[in-house]
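Look at the structure below before you read on. The report starts with one residue and then widens the view.

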Amino acid sequence: NLLGGNGTVLLVVLTVLVVVFFLGRLGLVLPAAAVDRDGGFGAGFRWSWSNTGPVVWHLIGAYILVAAPIYGLNWGVFFTVADTMENLNVRGMLAVFDVAMQFVGTAVVTVFLSLVYRHLGGMAPAPGGAQS
């Protein structure tokens, strides 16, 4: 191994930090592009980058607090039953559970990012709750 045990861990940690940073900075591209940014993704990228700068570490922390319980539960179940993965019934149940947890995780994170988008000055709710 070129990096050795500690070097590999360091490389993984640095990679995760870079990915999480860009997730924090660009996590609002989809809400911005989908809801009310003329110019599509280009405008969404610019909006997300400029509006998340001052709050990027708060956003990353909140994202982790929102996503960690869901994905932690998913991984916890996987590692708990990993010894029984030879059993096809267990594999099937684990696959169904994984898909359900991925759906829940995606839904929760999407709602979270949409609320953050609105909080940072994105689309304001229409009067009376109706979409315009």
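Which residues does Arg25 touch, not counting residues up to four places away in sequence? Arg25 touches Ser48, Trp49, Ser50, Thr52, Gly53 and Val56. Touching here means contact, that is, heavy atoms within 4.5 Å.

## About the model

This is a predicted model, in which local features need pLDDT of at least 70, side-chain atom pairs count only at pLDDT 80 or more, and totals for chains, interfaces and linings use all residues. Residues are numbered from 1 along each chain as its sequence is written, and side-chain values use heavy atoms, with hydrogens and water left out.

## The overall plan

The protein has five helices and zero strands. From the N terminus on, the order is α-α-α-α-α. These elements are DSSP runs, numbered from the N terminus: helices are H or I with at least four residues, and strands are E with at least two.

The protein has 132 residues, and 24% of them count as buried. Buried means under 20% relative accessible area, exposed means over 50%, and partly exposed lies in between (1.4 Å probe, protein chains only). The accessible surface comes to about 8,900 Å². Carbon and sulfur atoms hold 72% of that surface. Such areas come from the Shrake-Rupley method with a 1.4 Å probe; for residues, only the protein chains shown count as cover.

Now take the contacts between residues at least 6 apart in sequence. Of these, 62% join residues at least 24 apart.

## Arg25 in helix α1

Arg25 lies in helix α1, residues 4-26. Is Arg25 buried or exposed? Arg25 counts as buried, because its relative accessibility is 11%. Arg25 and Ile60 are 35 residues apart in sequence. In space they are 8.8 Å apart, C-alpha to C-alpha.

## Helix α5

Helix α5 covers residues 88-119, which is 32 residues. At 1.5 Å a residue, α5 should span 46 Å. The expected span is 1.5 Å times one less than the number of residues. The end C-alpha atoms of α5 are 46 Å apart, so the two values agree.

Which residues of α5 are buried? They are Val90, Leu94, Met101, Gly105, Val109, Phe112, Leu113, Val116 and Tyr117. An α-helix has 3.6 residues a turn, so residues three or four places apart point the same way. Just after α5, Gly121 takes a positive phi of about 105 degrees.

## Helices α4 and α5 together

Two packed helices are described by the angle between their axes and the distance between the axes. The axes of α4 (residues 56-81) and α5 come within 10 Å and cross at roughly 175 degrees. That makes α4 roughly antiparallel to α5. Roughly antiparallel means an angle over 145 degrees. The residues of this contact divide into 20 nonpolar, four polar and one charged.

Asn74 lies in helix α4. Asn74 is buried, because its relative accessible area is 3%. Leaving out residues up to four places away in sequence, Asn74 touches Phe97, Asp98, Met101 and Gln102. One of these, Asp98, is found in helix α5. Asp98 is partly exposed, with a relative accessible area of 31%. Asp98 and Tyr71 are 27 residues apart in sequence and 9.4 Å apart in space, C-alpha to C-alpha.

Ala68 also lies in helix α4. Ala68 is partly exposed, with a relative accessible area of 40%. Ala68 and Gly105 are 37 residues apart in sequence. Their C-alpha atoms are 9.2 Å apart in space.

Technical notes: Axes fitted to C-alpha atoms, helices over the stretch in contact; angles between N-to-C directions. Parallel < 35°, antiparallel > 145°, perpendicular 65-115°, else oblique. Nonpolar A, V, L, I, M, F, W, Y, C, P; charged D, E, K, R; others polar.
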